[in-house]
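Let's take a friendly walk through this model together. Keep the view open as you read, and follow along from one place to the next.

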Amino acid sequence: MIPILVSQRLMEVEEYGETREELDIRWGGFLSQCGLLPVPVPLKANMEKYFDLIKPHGILLTGGNNLQCMNPNDPLSRVRDDFEFELIDRGIKKQLPIVGVCRGMQMIAHYFGLSITKCSGHVGKSHPIKVNPNTMVGRFFELNSTVNSYHNFCISNNSEKFVTSAKMLDDEVIEGIEHIKQKIIGIMWHPERVDGFLSRDIKLFQYFFFN
């Protein structure tokens with residue numbers, strides 16, 4: 001197995017006066033099936049030491065929380081944004097693969113200056129997507145596939161830096177992006193939230209991190 005650094009959701013627990021970092025336990029199962037060893041990165045830890053000592057083979061930006069630009073009154077959103085900006089910065093400098101899932105994809109888009117906007121009809125549903133066959137997603141997904149959806153916000157535009165790997169079939173909301181030069185991808189669906197992880201998601205993660 002190879003280690004990858006994993007970002008976490010921030011949660012305020014008023015009962016105990018704590019701010020907690022949380023990761024869905026299903027990520028451990030999914031990443032293990034991919035041959036990946038998840039190493040959660042605590043927000044207050046020395047990030048430089050994590051990179052130097054663990055020598056990760058990649059970075060995973062997970063879901064949860066909203067971006068600060070979409071939720072300006074939530075201080076945790078700003079804290080997590082700043083933390084993940086640094087993760088992306090360091091990952092790019094070290095030429096590590098970076099994948100963003102749901103909020104993680106939005107974070108990548110925001111980092112590169114793409115716009116985020118409110119969208120509807122994308123929470124707690126499964127919907128069909130159109131897959132671009134000339135992408136990494138296109139290697140493992142059928143041209144018309146169905147994915148889960150748990151997001152209130154979406155990317156409103158793409159740029160010359162990214163190719164769109166998937167769009168929702170009905171409203172053409174962007175569901176996947178891949179950087180044209182760097183090994184950076186984003187997907188809006190949650191591969192960890194599937195009962196019986198799907199081989200297409202496993203193969204995508206294996207190809208992305210091992211090649």
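## A buried leucine in a loop

Let's begin with leucine 114. Leaving aside its neighbours within four places in sequence, leucine 114 is in contact with Ala109, Ile155, Asn157, Asn158, Ser159 and Phe162. Please bear in mind that this is a predicted model.

Where is the place of leucine 114? You will find leucine 114 in the loop between α4 (103-111) and β7 (116-118). Because its relative accessible area is 5%, under the 20% cut-off, leucine 114 counts as buried. If you look for arginine 90, 24 residues apart from leucine 114 along the chain, the C-alpha atoms of the two are separated by 20 Å.

## Helix α4 and its ends

Now step back to α4 itself. Seven of the nine residues of α4 are buried, so this helix is largely enclosed by the rest of the structure. The buried residues are Arg103, Gly104, Met105, Gln106, Met107, Ile108 and Ala109; one of them, Ala109, is also a contact of leucine 114.

Cysteine 102 is in the loop between β6 (98-101) and α4. This cysteine has a positive phi of about 55°, although it is not a glycine. With a relative accessible area of 6%, cysteine 102 is buried. After α4 comes glycine 113, whose phi is positive too, near 85°.

## Where α3 meets α4

At what angle do helix α3 (residues 75-93) and α4 pack? The angle is about 70°, and the axes are 10 Å apart. That makes α3 roughly perpendicular to α4. On the α3 side, the contact is made by Ser77, Arg80, Asp81, Glu84, Phe85, Ile88, Asp89 and Ile92. On the α4 side, look for Arg103, Met107, Ile108, His110 and Tyr111. By class, the residues of this contact are six nonpolar, two polar and five charged.

## Where α2 meets α3

Helix α3 has another partner to look at. The axes of helix α2 (residues 47-54) and α3 come within 11 Å and cross at roughly 35°. This crossing is right-handed. From α2, the residues Met47, Glu48 and Phe51 meet Phe83, Glu86, Leu87, Arg90 and Gly91 in α3. The contact divides into four nonpolar, one polar and three charged residues.

Lysine 55 sits in the loop between α2 and β5 (59-61). Is lysine 55 buried or exposed? At 57% relative accessibility, lysine 55 counts as exposed. Its phi is positive, about 50°, although lysine 55 is not a glycine.

## Where α1 meets α6

Helix α1 (residues 26-33) and helix α6 (residues 199-210) pack at an angle of about 70°, with their axes 9 Å apart. The two are therefore roughly perpendicular to each other, and the crossing of α1 and α6 is right-handed. In α1, Trp27, Phe30, Leu31 and Gln33 meet Asp201, Ile202, Phe205 and Gln206 in α6. Sorted by class, the residues of this contact are five nonpolar, two polar and one charged.

Helix α6 has twelve residues and reaches 16 Å from its first C-alpha to its last, close to the 16 Å expected at 1.5 Å a residue. Which residues of α6 are buried? They are Arg200, Asp201, Ile202, Leu204, Phe205, Phe208 and Phe209. Among them, Asp201, Ile202 and Phe205 also take part in the contact with α1.

Methods
Residues numbered from 1 in each chain as written. Predicted model: local features only at pLDDT ≥ 70, side-chain atom pairs only at ≥ 80, totals over all residues. Heavy atoms only, no water. Axes fitted to C-alpha atoms, helices over the stretch in contact; angles between N-to-C directions. Helix = DSSP H or I, 4+ residues; strand = E, 2+ residues; numbered from the N terminus. Parallel < 35°, antiparallel > 145°, perpendicular 65-115°, else oblique. Left-handed = near helix turned anticlockwise from the far one by under 90°. Contact = heavy atoms within 4.5 Å. Nonpolar A, V, L, I, M, F, W, Y, C, P; charged D, E, K, R; others polar. Buried < 20%, exposed > 50% of the residue type's maximum accessible area, 1.4 Å probe, protein only. Expected span 1.5 Å × (residues − 1).
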